[in-house]
Amino acid sequence: MKNAYESLLGGKQGAIGLLVLATLILVVFPLLLDTFRLNMVGKYLTYAFVAVGLVLCWGYGGILSLGQGIFFGVGGYCMAMFLKLEASDPESTKIQSTPGIPDFMDWNQITELPMMWQPFHSFSFALLAVIAVPTLLALIIGVAMFKRRVGDVYFSIVTQAIAAILTILIIGQQGLTGGVNGITDLKTLLGWDIRPDSSKVILYFVNAFLLLGCVLLGRFILTSKLGRLLMAMRDKEERVRFSGYDVASFKIFVFCVAAAFSAIGGAMFALQVGFMSPSFVGIVPSIEMVIFAAVGGRMSLLGAVYGTLLVSFGKTYFSESFPELWLYLMGGLFIVVVMYFPNGIAGLWETHGRKWLSRYSLGKKLFGVPEVKARVFTAKPVEKAAPRELETTP
Amino acid sequence: MEWLSDFGAIAVMQGFNGLSVFCVLLLMALGLAIIFGQMGVINMAHGEFLTVGAYTTYVISSLTLHYVPAMQPYYFFFAIVASFFIAGALGWLVEWAMISKLYHRPLDTLLATWGLSLVMQQAFRSIFGAREVGAEMPEWIMGSWAPTAAVDIPKNGLFVMGLTFLCTATIFLMLYRSRWGLQVRATMQNRVMSRAVGINTKKVDRMTFALGCGVAGVAGAAFTTIGSTGPTAGSLYIVDTFLTVVFGGAASLVGTIASAFTIAQAQSIMEFFLSGSMAKVLTLSAVILILMLRPQGLFSIKVRK
């Protein structure tokens with residue numbers, strides 16, 4: 001069991017960190033918050049899936065995808081399509097000119113369920129599609145880009161463009177996707193009503209456990225040899241390639257994992273919030289999710305979750321109370337974090353918080369710096385040494 | 001033969017339509033071709049510098065109308081120059097405060113400038129309001145020019161076209177025929193060596209970035225002749241612009257011109273047959289597909305690495 005303890009939990013420090021997070025999500029929030037707020041936290045936690053995926057592919061793999069919204073959205077849409085079909089049975093849609101199809105299709109003069117929607121009658125297919133479709137999409141993008149050694153900057157721009165294209169496509173194909181409004185009025189999951197408070201609490205816990213599962217899986221990947229290879233690639237790609245590793249395959253793999261995580265988040269979003277719309281697909285949400293990971297710490301899976309919660313809370317609070325101020329704060333936060341705290345909250349914790357807590361005996365016992373550092377989790381993101389300068393020095 | 005002349009007129013006007021999209025795209029991409037293509041800096045706030053130019057033009061037009069109405073027909077030339085310098089000065093400041101500290105972290109530049117674009121958008125909203133504003137255009141730019149009864153060419157399109165040509169030619173001369181351009185290209189190809197031969201690379205960086213932002217400002221001024229300006233006007237075009245520069249092959253000015261032309265014509269031809277959004281989807285997808293097959297873009301400079 002020692003091995004699993006090390007690789008899944010990341011030793012004592014990792015286990016304590018995870019325990020703190022699990023207590024916060026599973027005990028503190030449900031006890032302190034009413035159902036409305038709890039549902040809101042649940043919504044934020046679905047973004048955390050994306051942020052955790054970004055830690056894997058951006059923080060460790062060095063691949064900055066500005067299109068994670070694509071996968072979040074596609075996963076969400078797959079789930080929403082199933083729920084929508086269940087909600088639009090012939091009985092409840094009998095006032096439509098064509099009963100049995102989703103209401104927005106009826107408004108768009110579509111008289112027959114499109115081919116694309118047919119398989120989503122089956123729940124198992126929908127569940128499969130939630131993971132498979134975004135992963136496949138990531139695989140295609142990844143193979144096309146990484147096998148041809150497209151640089152990281154170009155990759156960011158292309159993923160961003162794909163996110164833009166997908167948004168335009170979804171909005172343009174109103175009859176097929178519900179257009180700007182998205183897919184709304186989701187009611188039941190296999191006959192189980194997802195709207196009442198009791199269901200929302202259950203969904204919150206399902207979501208929380210899935211998220212913790214993703215964090216564990218992410219840890220497992222990072223503590224394995226693959227994780228070390230990813231970092232090596234990020235810092236000196238050529239050297240890894242010359243050592244005989246197929247760099248592209250590792251990049252594709254981690255990108256696909258990140259996509260699958262985002263898709264799970266998207267599906268849980270559709271379940272918890274009850275709708276899915278193109279406003280979670282495009283460039284702006286995609287970059288916002290990068291902010292979450294950046295604020296939390298691009299090198300820390302747990303940090304990403306905290307970052308997501310913090311920034312989302314801030315967004316809700318400020319955009320309710322001081323809508324004028326919010327964009328200034330968000331933009332400023334982004335600039336400051338990127339320029340001065342590239343390791344985010346997790347980095348601050350490593351450098352200051354841990355030391356501060358170590359002054360107290362209990363704090364030292366729990367959080368004190370261990371003699372042998374779990375290096376994978378405390379590694380600083382090694383700044384890319386200016387490539388141009390290095391290449392050209394004789 | 002009636003239908004033939006009708007067809008001809010449609011083809012001319014459609015072609016001209018494509019040309020004006022081309023000019024707008026090229027004007028936007030020029031600044032980015034300098035900043036991204038030459039310097040390798042991803043400036044996500046590029047669109048906001050365009051908006052700065054547009055708002056400058058708007059302010060100057062309102063001021064002229066208010067204080068010296070007699071100058072109204074001529075203010076636009078002054079506005080273009082002012083847009084260039086204001087956007088350029090802002091770019092200079094941004095380079096000094098932000099970009100210069102992030103040259104060795106290209107992906108972080110992207111994120112930081114995205115934050116900057118959020119701040120700038122909100123600043124526009126606070127200063128000018130969320131509603132779109134339009135500059136009062138001089139008489140001579142309005143209306144259209146009709147060489148035959150069936151052909152109708154808007155004058156503002158012609159004006160933008162002329163301006164684009166002027167800007168492109170100037171930048172071309174500056175980059176490839178002037179001492180400054182030589183320094184820029186030397187710095188971008190081999191920074192250490194350039195420093196060794198006595199080029200102040202920091203100064204070159206700052207001036208290059210400022211110039212790119214200034215050109216974006218000019219593009220913004222030109223924009224006001226076509227449409228109204230809102231706080232998020234610039235951000236709408238940022239993806240198209242980046243794709244244009246990447247598609248043309250970074251570091252190649254000719255490539256940027258060619259790719260802007262291809263993208264604009266493809267889009268306007270497809271728009272004639274399909275809906276606007278589908279035309280855009282198809283164009284962008286085609287560009288991405290081609291980029292996947294040819295990641296270095298249409299035109300690439302062979303550099304030994």
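**Helix packing and the A–B interface**

Helix α7 (residues 152-172) of chain A packs on α9 of chain B at an angle of about 135°, and their axes are 10 Å apart. That angle makes α7(A) oblique to α9(B). The model is predicted. Across the interface, 41 residues of chain B are in contact with 44 residues of chain A.

**The α7(A)–α9(B) contact**
- α7(A) passes α9(B) in a left-handed crossing.
- From α7(A), the residues involved are A:Tyr154, A:Ile157, A:Gln160, A:Ala161 and A:Ala164.
- They meet B:Val239, B:Phe242, B:Leu243 and B:Val246 in α9(B).
- By class, this contact has eight nonpolar residues, one polar and no charged.
- An α-helix has 3.6 residues a turn, so residues three or four places apart point the same way.

**The chain B side of the interface**
- The count for chain B is 41 residues in contact with chain A.
- Four elements of chain B give two or more residues to this side: α4 (106-128), α7 (191-196), α9 (238-248) and α11 (276-293).
- α4(B) gives the most, with 14 residues.

**A helix pair inside chain A**
- Helix α3 (residues 35-60) and helix α12 (residues 247-273) of chain A pack at an angle of about 175°.
- Their axes are 7 Å apart.
- The angle counts as roughly antiparallel because it is over 145 degrees.
- α3(A) brings residues including A:Asn39, A:Lys43, A:Tyr47, A:Phe49, A:Val50 and A:Leu54 to this contact.
- Among the α12(A) residues they meet as a group are A:Val254, A:Phe255, A:Phe261, A:Ile264, A:Met268 and A:Phe269.
- The contact of α3(A) with α12(A) has 16 nonpolar, seven polar and one charged residues.

- Helix α8 (residues 201-223) of chain B has 23 residues.
- From first C-alpha to last, α8(B) reaches 33 Å, close to the 33 Å expected at 1.5 Å a residue.
- α8(B) is mostly covered, with 18 of its 23 residues buried.
- B:Phe77 lies in helix α3 (residues 75-97) of chain B.
- B:Phe77 has 11 other C-beta atoms within 10 Å, so it is exposed; the cut-off for exposed is 12 or fewer.
- B:Phe77 and B:Ala221 are 144 residues apart in sequence.
- In space, the C-alpha atoms of B:Phe77 and B:Ala221 are 9.6 Å apart.

Key. Residues numbered from 1 in each chain as written. Chains lettered and ligands numbered in written order. Predicted model: local features only at pLDDT ≥ 70, side-chain atom pairs only at ≥ 80, totals over all residues. Contact = placed C-beta atoms within 7 Å. Expected span 1.5 Å × (residues − 1). Buried ≥ 20, exposed ≤ 12 C-beta atoms within 10 Å, placed from the backbone. Axes fitted to C-alpha atoms, helices over the stretch in contact; angles between N-to-C directions. Parallel < 35°, antiparallel > 145°, perpendicular 65-115°, else oblique. Left-handed = near helix turned anticlockwise from the far one by under 90°. Nonpolar A, V, L, I, M, F, W, Y, C, P; charged D, E, K, R; others polar.
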